[in-house]
Amino acid sequence: MAKMINTKYGYVTPQEAEMDAHLDKWMKRRAKQHGAFSLEKKWRKRNGKNPTRH
């Protein structure tokens with residue numbers, strides 16, 4: 001039996017841990033490409049103009 005590793009998803013095999021890490025990185029990169037974490041972009045969309053900088 002493979003040695004189990006404790007991750008944020010619980011106890012998984014090393015192969016599953018590697019796949020989870022790869023998927024997490026891919027999802028973060030994909031979200032960043034589409035502006036999921038861009039508050040400025042959301043502000044512009046909501047207000048229909050460019051925000052003022054302080």
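The buried residues of helix H1 are Ala-17, Asp-24 and Ala-31, where buried stands for under 20% relative accessible area, exposed for over 50% and partly exposed for anything in between, with a 1.4 Å probe and protein chains only. These three sit on the same side of H1, because they cover an arc of only 60 degrees around the axis; the arc is that of the directions from the helix axis to the C-beta atoms. An α-helix has 3.6 residues a turn, so residues three or four places apart point the same way. On the other side of H1, the exposed residues are Gln-15, Glu-18, Met-19, His-22, Lys-25 and Gln-33. What do the buried residues of H1 pack against? Their partners are strand S1 (5-7) and strand S2 (10-12), with contact taken as heavy atoms within 4.5 Å.

All of this comes from a predicted model, in which local features need pLDDT of at least 70, side-chain atom pairs count only at pLDDT 80 or more, and totals for chains, interfaces and linings use all residues. Residues are numbered from 1 along each chain as its sequence is written, and side-chain values use heavy atoms, with hydrogens and water left out.

As for the overall layout, the protein has two helices and two strands, in the order β-β-α-α along the sequence. Helices (H or I, at least four residues) and strands (E, at least two) are DSSP runs, numbered from the N terminus. H1 itself covers residues 14-33, 20 residues in total, and reaches 29 Å from its first C-alpha to its last. That is close to the 28 Å expected at 1.5 Å a residue, a span worked out as 1.5 Å times one less than the number of residues.

The structure holds one salt bridge, meaning a side-chain nitrogen of Lys or Arg within 4 Å of a carboxyl oxygen of Asp or Glu. Here the side chains of Lys-8 and Asp-24 meet, at 3.5 Å from N to O. The pair ties together distant parts of the chain, 16 residues apart: Lys-8 is in the loop between S1 and S2, and Asp-24 is in helix H1. Lys-8 is exposed, at 69% relative accessible area, whereas Asp-24 is among the buried residues of H1.

Buried residues make up 11% of the 54 residues. In the segment before S1 lies Ala-2, which is partly exposed at 40%. Ala-2 and Pro-14 are 12 residues apart in sequence and 7.9 Å apart in space, C-alpha to C-alpha.
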